[in-house]
Amino acid sequence: MSFFVVDIALPVPLRRTFDYLPLAGEDASFYKPGQRVRVEFARQLLCGVVLGTRTTTEVPANKLKPLLARLDDTPLLQESDLALCRWLADYYHHSPGEVLEHLLPTMLRRGCGLSEADERGWESTGQEPAKPLRGSKQQALWALFQQQPQQLHADLTAQGFTLAQLRSLSDAGVIRATQRLPIPPVLQDRQQFHSLNAQQQQALKAISTELGHFRACLLEGVTGSGKTEVYLRLIEQVLAQGKQALVLVPEIGLTPQTVRRFQARFNVPVALLHSGLNDRERLQGWRQTREGVARILIGTRSAVFTPMPELGLIIIDEEHDGSFKQQDGLRYSARDFALVRAHKAGVPVVLGSATPSLETLHNALSGKYLHVKLTLRAGNAKAPRMKLHSILHQPLVAGFAEPVLSAMHQHLQNNKQVLVFINRRGFAPLVACRDCGWMAECRRCDARLTLHQLPPHLHCHHCDYQQGVPAACPQCGSHQIDGLGQGTEKIQEQLTQIFPQVPVRRVDRDTVRTKQAFDDLYDDIHDGGSCILVGTQMLAKGHHFPDVTLVVILDADAGLFSSDFRGMEHSAQLICQVAGRAGREEAPGEVWIQTLYADHPLLNLLLDSGYHALALSLLQERQHQQLPPYSHMALLRSESEDRHQAQQLLHDARAFMQHWLQQQHPHLRQSPVNLLGPFPAIMERRAGRFRFQLQLFADERPALHRLAAVLVQYLDDQKQYRKVRWHLDIDPLDTI
Ligand SMILES: Nc1ncnc2c1ncn2[C@@H]1O[C@H](COP(=O)(O)OP(=O)(O)OP(=O)(O)O)[C@@H](O)[C@H]1O
Ligand SMILES: [Zn+2]
């Protein structure tokens, strides 16, 4: 047998693949790309993925090790999946093995078999009982199988049937035990489609002509304009063509209501993938989709990697949402990757948003994407009335201006709901001594500790450090220490005093720790009745609360002066999304924004002319400053307990890049990549580590990526900075 090695991607941070010898007696035909194998690597057992075989290797013969086991006969991943992995590894300059991990659910990564997703069940054999069944339970059981020939064991026992009853049906020859992948439930109570209004019809027509080939489409529709209805109609067409649809939603947008809306329209299994599932459920969802059992997959960011043999359409709802970008490890954007995936698969992508990101808007305006607009709210709902309310020199009660409180009073009296938005959880963002000015600061971060009352403690929202509330000032011993400013807890407390007759609910990460808690709250809100909701951005996105008619935004100012160049874009999106919760049904909505800067030109532009107009103005500014989307950006970040080393690594990186650029382009007057920095991150110290960054800007992507490739190689070789962690963030979402 001729010599060959197997090229394997391993889940280690190294940006390369590894050669192993095959199992004894196996020739190259045994090894197919996409199979999993078990190998020993640095004294650990790892599960890797075969990329191919080669007849030569650079590894010396005495260092070559045989792999330990082949885990699959049939490859788990197709050649097309591996091609996507290669794209990811190249584009994000990341280890190919770690990229591959994203394509496989945890259980498969650990080496489990596909059959672990199977569940015990029963199916009818197609035979009628030879003699009448005895007992009402047995008859009821048999009736179930006549309705639905395949049943899960767990579902049956949950309905009170026993193993003995199942056995006797099985002894009678009418059912038999099975072990199979469960099919996602298909809801029995169908919901009717709305008849689309003229704008929705136009949008549907424009986008559906793109089915069958790649095209990116921006569906820019104001909040409540019925974008989801357009998605549902598109999916209807895709399903009719025998294809599958992938729907990506932001992390907090995946409510049971959203899911039900999809399940109730279609007579097909809908799979779900999100972080609330356990490993086995994830494997099930993955397999249901990959095997084409599920025809629709709804999921958060990482669902974008799920293999879909008959993909026909990708929808990204709230495409501007930050949760589509992963902020550690492989820092990918699920939105951007979805575009690449759709391109390779030859299917369209619909990017939906009321407040599209400037990147997407730029692509739509320049004609690269199809641009479809919905400018009116669907049904009988009207756009909410927005009002800036200056609180400069105004007396405030519990942080609210008088007219705002009376507006609240009015809406509550009409049996409606009021949403108060403040993006700060806890009781007070600051604790200070009134006598000496001491402030409670985090020992590990350049940040103040937040006071929480329920239960009383001080909490760092950046590193999670917690401590008790000191009884006296540690600096002067005074007892005059107080919380300054207000967070959701305090506002809840104060509003309960002002409006004792209505429930005041708080919705933030502290009250809604689990998905279940959020779902319960959601159901409560939907049950109606006047109430006040005090919440953070958790309340902002995509939710449809029919009875909310007034939205009060308390701290719009916080985002206006951000030092991040995307600060204003993100603030405006948040304001519009929160405002968009008001008046989504018949009763008209109102939005009051309290501000100290009532003549802030951009805020006024947003309120007078809407998000689109503001976005155009921000785009002009970006163009002027040559910032994304008019240039391409990467961010090299370093962090270390050793401040000097963290900084020095970036200095060296900069010197290396300058030298390399000069060598590559000796005759160019201006370098194709501009380097900015290094400078300290806005919060320089976080969780005990000093953080620095170096910004890379380029007009052309290829120039940036050529430089990035040599940069990561250079940094991988720098062994003197052992205590420094660094990473390269391609298309970073924030520079904080
Ligand atoms: N053609 C229609 N006729 C009547 N009602 C409609 C129509 N289209 C949508 N609706 C209703 O209008 C409401 C808002 O629609 P939908 O949730 O699809 O909007 P959206 O654009 O996705 O909103 P958002 O961006 O704010 O999440 C829903 O209650 C929906 O059932
Ligand atoms: Zn901290």
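## Exercises on a predicted model

Of the 21 residues around ligand 1, those that come nearest are His194, Gln200, Lys227, Thr228 and Arg584. Keep in mind that this is a predicted model. Let's work through it together.

**Exercise 1.** Find which atoms of Ser195, Lys227 and Arg584 approach ligand 1, and how much of ligand 1 the protein buries.

*Solution.* 
- Step 1: Begin with the backbone. Ser195 places a backbone N or O atom 3.0 Å from a nitrogen atom of ligand 1.
- Step 2: Turn to the side chains. Lys227 has a side-chain N or O atom 2.6 Å from an oxygen atom of ligand 1. For Arg584, a polar side-chain atom lies 2.6 Å from an oxygen atom of the ligand.
- Step 3: Look at the area. Ligand 1 taken alone exposes 640 Å², and the protein buries 87% of that.

**Exercise 2.** Describe the shell around ligand 1 by residue class and name the helix that gives the most to it.

*Solution.* 
- Step 1: Sort by class. The shell has 12 polar, six charged and three nonpolar residues.
- Step 2: Check the helices. Helix α8 (residues 227–240) contributes the most, with three residues.

**Exercise 3.** Work out the geometry of the site of the zinc ion (ligand 2).

*Solution.* 
- Step 1: List the protein donors. They are the SG atoms of Cys442, Cys445, Cys460 and Cys463, at 2.2 to 2.4 Å from the zinc ion.
- Step 2: Follow the donors along the chain. Their spacing is C-x2-C-x14-C-x2-C.
- Step 3: Use the angles. The angles among the four donor atoms are 105 to 112°. Four donors count as tetrahedral if all angles lie between 85 and 135 degrees, and the zinc site is tetrahedral.

**Exercise 4.** Decide whether Arg36 is buried or exposed, and find what its side chain reaches.

*Solution.* 
- Step 1: Locate Arg36 in strand β3 (residues 36–41).
- Step 2: Apply the cut-off. Buried means under 20% relative accessible area; Arg36 has 1%, so it is buried.
- Step 3: Trace the side chain of Arg36, which reaches the backbone oxygen of Leu108 at 2.6 Å.

**Exercise 5.** Locate two cis peptide bonds.

*Solution.* 
- Step 1: Recall the background. Most peptide bonds are trans.
- Step 2: Go to Pro628 and Pro629, joined by a cis bond with omega about 5°. Pro629 sits in the loop between α18 (611–625) and β29 (632–640).
- Step 3: Move on to the bond from Gly677 to Pro678, which is cis with omega near 5°. Pro678 belongs to strand β30 (residues 673–686).

Key
Residues are numbered from 1 along each chain as its sequence is written. Chains are lettered from A and ligands numbered from 1 in the order in which they are written. This is a predicted model: local features need pLDDT of at least 70, side-chain atom pairs count only at pLDDT 80 or more; totals for chains, interfaces and linings use all residues. Side-chain values use heavy atoms; hydrogens and water are left out. Donors are N, O and S atoms within 2.8 Å of the metal (3.2 Å for Na, K and Ca); water is not among the atoms, so sites may look incomplete. Four donors count as tetrahedral if all angles lie between 85 and 135 degrees; four count as square planar and six as octahedral if opposite donors are over 155 degrees apart and all others between 65 and 115; anything else is irregular. A residue is near a molecule or strand if one of its heavy atoms lies within 4 Å of it. A polar contact is a pair of N or O atoms within 3.5 Å; within protein, one must be able to donate a hydrogen and the other to accept it, and residues adjacent in sequence count only if both atoms are side-chain atoms. Accessible areas come from the Shrake-Rupley method with a 1.4 Å probe; for residues, only the protein chains shown count as cover. Helices (H or I, at least four residues) and strands (E, at least two) are DSSP runs, numbered from the N terminus. Ala, Val, Leu, Ile, Met, Phe, Trp, Tyr, Cys and Pro count as nonpolar, Asp, Glu, Lys and Arg as charged, and the others, Gly among them, as polar. Buried means under 20% relative accessible area, exposed over 50%, partly exposed in between (1.4 Å probe, protein chains only).
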